[in-house]
Amino acid sequence: MNDYSTNMVPVGDLDSVCSRQQEMSCLLETAAEQMMVHKDFEAVFDTCERGLESLSNMEQEECRCGEMKAGFCILGIQALAELNQWHDVLSWVVQQYEHQEKIPPKIMQMCILLYSKVGEPALMQEAARRWLHCASNSTMTGFGTVAELYLLLVLIPLGHRDEARELIVGEVGRGAFTEDQRKTALDVVEEKEQETAEPTPKATLSPDSQSTIHVSTLGAVIHKLEAVLKCFYRKLLLTSSGSFSLQKGFLAAVLLYLLFLRFDPALPSAFIWISKLLQLLKTMWSTMFAPYYQALTHNKGL
């Protein structure tokens with residue numbers, strides 16, 4: 001009984017501990033409300049700073065102290081990111097925990113994601129490497145997630161293939177990944193290495209291939225234009241009744257097509273178009289004007 005009574009916390013101290021914890025909880029809720037409701041990121045960061053300063057004066061063994069500290073840090077990181085002060089995040093977090101190896105896994109994950117998002121994964125390389133090689137962190141929940149993020153968002157984008165393989169097959173990989181996960185991770189590294197070693201060549205077109213494409217494209221245009229002209233001509237025969245104004249309009253339309261498409265007669269690809277156009281025009285000319293000239297010839301004969 002004597003040993004038990006000496007280890008008991010005095011009632012006054014217990015009330016003081018509960019009061020401080022309640023105060024920190026209220027401060028944490030205030031920071032969360034400022035973040036989610038009011039979007040006042042400067043106020044969020046100031047509240048987190050005050051909360052962390054108060055926690056530093058409390059005994060680290062006190063209940064929930066570590067959880068509330070992590071909560072203030074997470075909100076502080078978000079506030080700095082929203083204020084476009086992301087470059088100060090890592091140094092600020094290290095300032096709170098004094099050593100990089102003591103940063104909680106979820107905060108380390110958040111930092112890796114943030115610096116990857118802003119395109120600066122190299123700023124997390126040293127801190128994440130030291131954290132993963134700290135033996136005390138290998139038993140923590142979230143260790144595998146930190147290793148995965150470090151591999152996929154830091155080492156591979158930076159092109160550190162050898163370090164990536166060492167991480168996978170080494171002590172860190174054996175503690176963080178299963179056998180299937182290590183095999184998959186190695187396959188990813190090999191694939192990225194092959195993509196770097198053998199970049200996809202840009203498609204280049206030789207003069208012959210360019211000429212072939214030009215001819216085929218031109219042929220499609222010719223067929224389409226020919227169909228349009230024939231359709232227009234059929235409508236002309238149905239509605240013109242020998243009207244020269246419509247015939248002139250049709251010829252004007254043909255000339256506009258020629259000017260718009262700007263065919264170069266010197267190109268071999270233009271020969272087919274010119275030949276088809278002449279043949280089409282001769283047929284149309286004969287159909288439209290043959291009865292007229294036949295009638296003139298017949299009158300002269302009389």
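The model is predicted, so local features need pLDDT of at least 70 and side-chain atom pairs count only at pLDDT 80 or more, whereas totals for chains, interfaces and linings use all residues. Residues are numbered from 1 along each chain as its sequence is written, and side-chain values use heavy atoms, with hydrogens and water left out.

**Overall fold**
- The chain holds 14 helices and 0 strands, where helices (H or I, at least four residues) and strands (E, at least two) are DSSP runs numbered from the N terminus.
- Of its 302 residues, 34% count as buried, meaning under 20% relative accessible area with a 1.4 Å probe, protein chains only.

**Helices α8 and α9**
- The axes of α8 (residues 143–158) and α9 (residues 161–169), which are lines fitted to C-alpha atoms over the stretch in contact, come within 10 Å and cross at roughly 170°.
- The two helices are therefore roughly antiparallel, a term for angles over 145 degrees.
- Their contact (heavy atoms within 4.5 Å) involves, among others, Tyr150 and Leu151 of α8 and Ala164 and Leu167 of α9.

**Aromatic pairs**
- The whole structure contains 3 aromatic pairs, defined by ring centres within 6.5 Å, with the six-membered ring used for Trp.
- Trp86 and Tyr115 pair edge-to-face (over 60 degrees), at 6.1 Å and 80°.

Conventions:
Buried means under 20% relative accessible area, exposed over 50%, partly exposed in between (1.4 Å probe, protein chains only). Axes are lines fitted to C-alpha atoms, for helices over the stretch in contact, and angles run from 0 to 180 degrees between N-to-C directions. Angles under 35 degrees count as roughly parallel, over 145 as roughly antiparallel, 65 to 115 as roughly perpendicular and the rest as oblique. Rings of Phe, Tyr and Trp (its six-membered ring) pair if their centres lie within 6.5 Å; planes under 30 degrees apart count as stacked, over 60 as edge-to-face and the rest as tilted.
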